[in-house]
Amino acid sequence: VSRVIVVGSGVAGLIAALEASVRHEVVLVTKSQLAESNTRYAQGGIAAALFPDDSVESHIADTLVAGAGLCDPEAVRVLCAEGPDRVRDLIALGVAFDTDTNGELARGHEAAHSHKRVVHAGGDATGLAIELALVAAVQKAVVEVHENAFMVDLVVADGAVRGVELLTPAGRRTLAADAVILASGGAGRLYAHTTNPAVTTGDGIAAAWRAGAVLGDLEFYQFHPTSLAVPGNPLVSEAVRGEGAVLLASDGSRFMTGVHPQAELAPRDVVARGIAGQMARQDGAPVLLDATGLGRDFLAARFPGITAVCEAHGFDWAAEPIPVTPAAHYWMGGVRTDTEGRTSLPGLFGVGEVACTGVHGANRLASNSLLESLVFAWRAAHALDDGLGGVAAATPFEGAAIPGGSRLGEENEPASRVDRAQLRQLMWDAAGLYRNADALEQAAATLDGWTAASADRSAAATVAELEDRNLLDLGRLVVRSAVDREESRGAHFRSDFPDTSAAFAHHSSYRLTPEVALVD
Ligand SMILES: Cc1cc2nc3c(=O)[nH]c(=O)nc-3n(C[C@H](O)[C@H](O)[C@H](O)COP(=O)(O)OP(=O)(O)OC[C@H]3O[C@@H](n4cnc5c(N)ncnc54)[C@H](O)[C@@H]3O)c2cc1C
């Protein structure tokens, strides 16, 4: 039996811990309460070829189209072929997916899926149903759980990851292990507007970067077109526009009709950019979503969750248009892994949103991310049986070595302390839905002038300061990646390079320059 640390308790971390606990000693650490994660807020559902009129091949084809030429075909095949079994595992664990009047699994239809294949639970509360069922299962399994345990950094010895450094309410401590599975999610909090909860500060990706792991495709961040423009940015489903709601500028005029022939029903990234462009023209003020034509009874019956959220924020959306903004939603980039979660560092695995298997390419197909977590976390837990060392030899990718991260910032005197709100606004403005070389270069210079309070690792840094350090490191990396990709593809749009270029039909990979890594 080997000792394994799992970092994070969303769907990916819980599945990895459950599966690994059968054969290994597992310690699960998570920075907040066990159930807190992006997972618990997921609404629409999980896509999988579970139905007789659907096929794995069709799901593969849809995923490849969404990925805009950058999907890793092997990762996509694994996702779509193994997905149905992993969804059945959830059903066996007690996740009560919604059924139709015949008692069969109900299935939703989402944009860019050529078949109805999205299963959901509690209407629009799929993530919560999964999270609670998995938390209950982990609590019954032999897994040592540490809540409120913030991973500060990975422990690296002789080039291999051998544990984690934690900040807990009782102070700093180090936990040793034979392997670490990162399942710490994305970094929506990099942006001024995001659907992601407060825990989503990219800590795992930043720690892997500092440890020398190869990261990939960081320039690809998916923005959801419509979130309610209030703190926390709750999602307003695309289905609302599908039912006939329209988008209005602050003067009450429709603007999407001038952007795309399909207007409000254009592809997700087109609508998101259309809204962002209109917001820029009205000094950042949110646009309006007018659903009043749908009628009060219909809205309450079809969208009970959104109706409740609107009411909680003082909006009566049956009577008045509501303010909406795009919001950072899902990171296609992350720690580069193979299809069994192996990273470029021996002893380090990455699963779920923290990882970049290449399965989503330049843009994620809706409802493929819960599935990604299920499939690849399961595979990583089983890959542990094949040995914990020497995984670097099995990984085929090599990153372009670039200096970066908070340590570089320390060299630029005088540096001023990073302010999280300013950082998030800068990322939104320069590295959000519209990007160009001038704005990105200026953002890079601004980021270089900032330092994080926690840069001195002996300091008694707080969790918030450590998160700021991570966001600063990741902000620099996203900007760098966005500068380097001189084309537009999927979620990455450069107004100075609006076309897709065959010269960039490849993944981007980066790792920290070793000399810089040795600075402290
Ligand atoms: C509002 C919303 C709706 C969505 N709807 C859908 C949908 O319908 N279908 C779909 O497929 N996807 C959807 N997604 C995306 C999907 O929810 C996520 O991609 C997926 O849940 C990621 O799972 P994960 O386990 O990798 O990470 P998460 O669920 O984000 O879990 C990460 C975990 O790591 C912990 N953690 C982070 N940093 C540290 C640290 N330093 N130390 C210790 N612990 C740490 C966190 O506390 C958390 O427990 C949605 C996302 C959002 C935000």
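A polar contact here is a pair of N or O atoms within 3.5 Å; within protein, one atom must be able to donate a hydrogen and the other to accept it, and residues adjacent in sequence count only if both atoms are side-chain atoms. With that in place, on to the structure.

This is a predicted model, in which local features need pLDDT of at least 70 and side-chain atom pairs count only at pLDDT 80 or more, while totals for chains, interfaces and linings use all residues. Residues are numbered from 1 along each chain as its sequence is written, and side-chain values use heavy atoms, with hydrogens and water left out.

I start with the ligand. It is surrounded by 38 residues, and the closest are Glu36, Thr39, Gly44, Glu353 and Ser369; a residue belongs to this set if one of its heavy atoms lies within 4 Å of the molecule. A backbone N or O atom of Gly44 sits 2.8 Å from an oxygen atom of the ligand. Ala12 places a polar backbone atom 3.0 Å from a ligand oxygen, and for Lys31 a backbone N or O atom is 3.0 Å from a ligand nitrogen. Taken alone, the ligand exposes 1,000 Å², and the protein buries 98% of that. Those areas come from the Shrake-Rupley method with a 1.4 Å probe; for residues, only the protein chains shown count as cover.

Which elements supply at least two residues each of the shell around the ligand? They are α1, β6 (150-157), β14 (322-331) and α10 (369-383). The largest share, three residues, comes from α10. Helices (H or I, at least four residues) and strands (E, at least two) are DSSP runs, numbered from the N terminus.

Thr39, one of the closest residues to the ligand, lies in the loop between β2 and β3 (46-47). Its side chain reaches the backbone nitrogen of Val11 at 3.0 Å. Is Thr39 buried or exposed? Thr39 is buried, because its relative accessible area is 8%; buried means under 20%, exposed over 50%, and partly exposed in between, with a 1.4 Å probe and protein chains only.

Next, strand β1, residues 3-7. Four of its five residues are buried, so the strand is largely enclosed by the rest of the structure. β1 pairs with β2 (residues 25-29) in the parallel sense over five bridges, where pairing requires that DSSP finds at least two bridges between the strands. In that pair, Arg3 stands opposite Glu25 of β2. The chain gets from β1 to β2 through helix α1 (residues 11-20), and this β-α-β crossover is right-handed: with the strands pointing away from the viewer, the path from the first strand over the helix to the second runs clockwise. β1 also pairs in the parallel sense with β9 (residues 179-182), over four bridges, and there Val7 stands opposite Leu182.

Two loop residues have positive phi without being glycine. Asp158, between β6 and β7 (160-168), has phi near 50°, and at 85% relative accessibility it counts as exposed. Asp283, between α7 (268-281) and β13 (287-290), has phi of about 55° and is exposed at 77%.

Last, the cysteines. A search of the whole structure finds zero disulfides, a disulfide being a pair of cysteine sulfur atoms within 2.5 Å. For Cys356, the nearest cysteine sulfur is that of Cys71, 10 Å away. Cys356 counts as buried because its relative accessibility is 1%. Cys310 is buried, with a relative accessible area of 1%.
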